[in-house]
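Good morning, and thank you for coming.

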Amino acid sequence: MIGGFTGKILRVDLTKKEVKIEDTNMQWARQYIGGQGLATRYFVDEVDPKIDPYSPENELIFAPGPLTGTNAPTASRYMVVTKSPLTGTITRSNSGGYFGARLKHSGFDMIIFKGKAESPLYLFVSQGKAELRDASKLWGRDVFETTDFLSQEAGRAASIACIGPAGENLVRFASIINDKHRAAGRNGVGAVMGSKKLKAVVAIGGTLPKVANPSEYNSVLQEMLKKLKENPVTSQGLTQFGTEVLVNIINKSGIYSTKNSTDSGDDPLAEEISGERLAETYLLHNQPCFACPIRCGRVVRYNERESEGPEYESAWALGASTGIHDLYSIIAANDNADRLGYDTISGGLTISAAMELYEKGKIPDKDVGPTKPKFGNQSALLEMSTKLAYRKDFGNELAEGSLRLATKYGYPDASISVKGQELAAYDPRGVWGMALEYATSNIGGSHMRAYTISNEILGVQPVSEPTKIEGKAALVKYVQDFTEVMDCSGLCQFPSFALNFEDYRKLINAITGFNYSSEELMKAGERNWNLERLFNLKGGIKPEQDTLPGRFLTEGIPKGPNKGKVVPLKELLRDYYKERGWDEKGIPREEKIKELGLDFYKL
C-alpha cells in the first residue's frame, strides 16, 4: 500500500475552460518524493526553459506533499511551481495555513494550470471533482474581500488561495495568499496567476490521506511530538514570540543590516521591532497552521483592525531595511502586503533600494512625487507599499523589483538581490553559509533553500563556525538537499530545530510506504536540486549569476563583532561546485547527471 497520495492529478486548461483528471505517476513520486519535487519533474517535462513566464504555455502547479493533510506535526505546506517573472528561473514558493491540507483532502496530489482565460475565473475543487467558475465580480478586489466572498459562498469548510491587485497588475513579486495571511510569497508566482486571469482556488476539505504503516506512524509521531515539546525553540521561543524572536539574536550576532544594507553589524534600535516588543504592544494571540503544535503565527490589532504578523523577515525588510523602527508603521505596511498580495521581502527591499537611490540623487523629485522616499520616512513606506500594487505613479517602477528599478536609475548596486530576487535578513559578510546559499539558490536569493543560520548561529547540528571556509560547502550542500526533503514532504521547516534527517525519513516512510534508505532519500533531494539547475542552465541562467551584491564582496561590515569582514565568494564557490560534482564553471558533470538518473534532461 502507498500512503500520502491520492493518486490523482487535476489538469486545468484555462484557455479552453477544461478540467481533466489523470493518474499520478507514482514512479516519479518515489524518485522525487512528491510535492514540489514531483511538480518539478512534470514541469521540466512539459515547459520550455526559455519560455516567457507570462506566456499561456507556462504552467502554474499547486503541489501539496505526501505528508500534507495528515496529522503529522506542521503537515500544512503546499508548493507553487512555475517560471518566475522576477528572476527568469524555475521557482517554487511555499505556504502553510489550511489551504494545502484542504487541497489534498479534496482529492488531488497536484493541480496543473496552463493557458490563459479570456475573462477572470476561479477554480472550485471538492471530493475529487473540479469546476471553473466566473470571477469577473472578484477582479479588482483585495485578498481579504475575495477570501470573505468565496468563503461565504462555499461554506465554512473551504480554504481559499487567491491573488490581490498586485497579482492582477503583474507586480513581479506578487504572491498567492491563502487563508488571508499565509503566502506563497516569493518570485512572483502571483503575477503568473494573474497573467492567466486566475483569481482564486477554493478547496473544500474531505478525506484524510491514508497512512501506509499506521503502527509505525503512531510510534514515530509520538517520538517527534516529544522532541518538539522538549526543544526550547519549538516549544517556547517560536510559540511565545514567533519568528520575530530572531531580531535580538541576529543583531547580537552582528549580521543585522539596516538602510538597504548600507549600514550593518549593530542596530541600536533593533529591540523596538523585536518579537518581545511586539508581544508587549500589539499581540492578541497565536495563530497556528493546520496540525501545528508550534503556533508561531501572530494575530495583532492596530488601528481597530486585526491582522497577522509581521514575521521576522517582513519586519526587517519593511522596517530596519527602510530605516524605520516604528512597529505600528511596519504592521500597517505588512497588512498592505497581505491585503494587496505581494512579497514583503522583495517589496520592502525594493522600497529601501528606492530610498538609497533617492538619497544618492539618482531618482529626481519629479519621478517620486511629493512624498520623498528617504530612509526613516514612515509616510513614504505606507504610500509606496500601496501604490506599487496598483502600479500607480512611482509604484509602477517599484512593481518591477529592485534590480530593474536600480538598473533604470543607473546604480544597480542598490539592488540587494541575487538573480533578481531580494535577499533576506542576514548580512552574508558575517555568515558565509548563508552567503553561499544566497549565491547558489536555484530560485535566486533565498534564505529558505538552506537555512544555515540554524547551524551557524542557533547551534543546530552540524554546528559550523559562521566565517570559516573549511567545511562550508559541504554544509550548504547537505542543508540544501535536506531542505529539498522537507519541502517535498509537505512539512514546515521549523520542526528541524528539534528533529534531524532520520526523523523525517522515518515519518516519510511510515506514511508513504516507500521505505527509503537514508542514502536514497538524500539522493532524491540532490536529484531535485540538480534538475532545477539544469532547467535554469537550459533557460539561459548562467553560472556567473551565482554571485552576491558587490558591497558584500568589497566593503567590510562597518561595525560590530564582524567588523571589516567580506564574503570570500570565489573560494566558497570553488569548494561548492566540487562538492556538488559540478565542473569548475558550475555545470553538472555528465557522471553526476547519470548518477542521479537525469540523463533524460542533460544539457
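Let us begin with strand S7 and strand S12, residues 198-204, which run parallel and are joined by 6 bridges. Within this pairing, Phe 124 stands opposite Val 202 of S12. Please bear in mind that the model before you is predicted.

S7 also has a partner in strand S8, residues 129-134; these two pair in the antiparallel sense, again over 6 bridges. Ser 126 has Lys 129 of S8 as its bridge partner. The hairpin of S7 and S8 has 2 residues between the strands, and Gln 127 takes a positive phi near 50° there.

I turn now to the cores. The largest nonpolar core has 88 residues, and Tyr 256, Phe 394 and Tyr 426 have the most contacts inside it. Helix H12, residues 327-340, supplies the largest share of this core, 7 residues. A second, separate core has 53 residues, including Ile 33 and Met 224.

Finally, the second largest pocket holds about 220 Å³ of space. Of its 14 lining residues, Thr 6, Gly 107, Thr 207, Leu 208 and Pro 209 lie nearest the centre. By class, the lining has 4 nonpolar, 8 polar and 2 charged residues. Thank you.

Technical notes:
Residues are numbered from 1 along each chain as its sequence is written. This is a predicted model: local features need pLDDT of at least 70, side-chain atom pairs count only at pLDDT 80 or more; totals for chains, interfaces and linings use all residues. Side-chain values use heavy atoms; hydrogens and water are left out. On a 1 Å grid over the protein atoms alone, a cavity is a set of points where a 1.4 Å probe fits but cannot get out, and a pocket is an open set with protein on both sides within 12 Å along at least five of seven lines; lining residues have an atom within 4 Å of a point. Grid points are joined across faces, edges and corners, and a volume is the space filled by probe spheres set on the points. Ala, Val, Leu, Ile, Met, Phe, Trp, Tyr, Cys and Pro count as nonpolar, Asp, Glu, Lys and Arg as charged, and the others, Gly among them, as polar. A nonpolar core is a set of buried Ala, Val, Leu, Ile, Met, Phe, Trp, Tyr and Cys residues joined through side-chain atoms within 4.5 Å. Buried means under 20% relative accessible area, exposed over 50%, partly exposed in between (1.4 Å probe, protein chains only). Helices (H or I, at least four residues) and strands (E, at least two) are DSSP runs, numbered from the N terminus. Two strands pair if DSSP finds at least two bridges between them.
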